[in-house]
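Please read the report below alongside the sequence and the 3D view.

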Amino acid sequence: MRHWRLFHLVGRRSAAAVLVSGTAIGAHNYGPEDAAKTEFQTSSKFPIPQSYSGPVWKIRNDYPATAGKTDAPWQAVDFKKHPERFCEVIKRYCMEGNKEVDFNVQHNRKRNWYHAAWLHYAENGREPIHGLTFERPVSTGELGANQKRPLQAWTCGYYNELGATVFNQVWKDGSAPQWDTHVRFPNGAMVFKVLMVDAKDDEEAPILKGAPSWDAVIVKERENYDDPQTWPDRNDYASKIRLLQVDYAIADDRAPIGWIWGSFMYDGRRKDKDPWERLTPMGLQWGNDPQLDQQAYEAGERVKESWVNPAANELLGYLHSSRPMWGWNGRLNGPADNFISACASCHSTAAKATDLPLLTQDSVVHTNRGTYVPAGCKKGVTPGCDAAAMEFFRNIPAGKPYKEGQISADYSLQLMMGWINYQHWLKDSNQGWMEYAIRTVTGRPRYISTRRLARMGASPTHVDE
Ligand code: HEC
């Protein structure tokens, strides 16, 4: 995942449209807080296609301050002794009441689920039909030899009630969020996300045969998706995207880092009648194996803090994938994730930030021995040659910052990204708002910088009438 610069165009336009109508109606002076609140409640910035008439997505972010009684059935299962049983309990927990309502969680009768705030205001921002954000594309060949182009990956995450209480701490007031200290998700908090790709079923990715599919308004197809500036360029119709992966994270005191990570991959060879049941557990991860550096790995040591399901390795072989491994040197990772990283590694970087930090080791090098090594070990695997890479595989305790001086987002990259998006929005709109405020306070029409208003997307003649 690269650094993202956030897009402004779409965001500005509708913030300003609200500003204009607020002025015209004159109900009350529409100020920056109101605008922040409007954004907070915005489900998607992208229009619903005219040709689409099905249900549309609505954000649920009325985060509770406290949760009812702990609802965490996996706590009764020893995840190291019975990992497969543990995964089955999780699968049921994610699906219950959600599958029936197409993951429109507002209609789930079994338990409450919530979405992360402010994921709409970015280049990869939420599309309007399922609230999906655009993720790192699946590179050519990763899902098999027939996959001749990068596939778009789209995802939406759902937090359980205990998880949502942390969002309440920050986003209690959508117009004036507060985030002063490290957050820590309570034991029993969990979040999962559904990830779908735009593969054309049987030809491009045979493994996705029969996969559940959703409608989504995705990015216009292009040769590659390297340039984030192109991501707001969406179709004006809905496409079918197909289930590839379900990921989850569980705040659990039993894990050394306070979190357990897990992933399922769809396997079209499975015979389960219900296609949502054809998800095979990839494995679990409860630590980053900080001792397992390149030298140790090449000396034959293997992960101790991930369980990788033998079925996941069989799947990798079956795919004839261009990727050499799921996660870095045998750690857990999912089919849509970069193999130079791992679940817990990437997520340990989550912090209160104003721009996206580096989430993975820089890059790896393919050696003439056919192996992959971190860039620092290019000339030979010597002690510490991968020290920079191993920074990403420390076991950061839950609620502790990745770097000194940071405020921890406790492994939640969605909490971090929502905050980043909000900061960008503040920056985008601040200047215009200040001038607007002067005008409303003095009660006299004042010259408003048309250039600045134009930047906000408003037509100056409307505002300064
Ligand atoms: C290289 C980075 C990277 C790796 C590796 C990675 N993720 Fe994530 N993950 C992200 C980012 C960025 C987001 C937030 C963006 C989004 O959801 O659109 C995210 C979001 C999530 C969420 C939603 C809640 C949250 O914490 O933001 C879950 C759950 C999750 N990932 C689980 C996993 C699991 C399980 C794995 C391994 C199988 C994994 N991730 C591997 C980067 C990564």
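## Shell around the ligand

The shell around the ligand is made up of 14 nonpolar, 13 polar and four charged residues. Here Ala, Val, Leu, Ile, Met, Phe, Trp, Tyr, Cys and Pro count as nonpolar, Asp, Glu, Lys and Arg as charged, and the others, Gly among them, as polar. The model is predicted: local features need pLDDT of at least 70, side-chain atom pairs count only at pLDDT 80 or more, and totals for chains, interfaces and linings use all residues. Residues are numbered from 1 along each chain as its sequence is written.

## Nonpolar core

The largest nonpolar core contains 113 residues. Such a core is a set of buried Ala, Val, Leu, Ile, Met, Phe, Trp, Tyr and Cys residues joined through C-beta atoms within 7 Å. A residue is buried if 20 or more other C-beta atoms lie within 10 Å of its own, exposed if 12 or fewer, and partly exposed in between, with C-beta atoms placed from the backbone. Among the residues with the most contacts inside this core are Phe 167, Trp 259 and Tyr 248.

Leaving out residues up to four places away in sequence, Tyr 248 touches Ile 90, Cys 94, Met 190, Val 191, Phe 192 and Gly 262. Touching means that the C-beta atoms, placed from the backbone, lie within 7 Å.

## Arg 331

Arg 331 counts as buried because it has 26 C-beta neighbours inside 10 Å. Leu 292 is 39 residues from Arg 331 in sequence, yet 9.8 Å away in space, C-alpha to C-alpha. Residues touched by Arg 331 include Gln 285, Asp 289 and Ala 342.

## Confidence

The protein chain has an average pLDDT of 88, and 86% of the residues score at least 70. pLDDT is the predictor's confidence in each residue, from 0 to 100. Over residues 1-27 the pLDDT is below 50.

Definitions and conventions. Contact = placed C-beta atoms within 7 Å.
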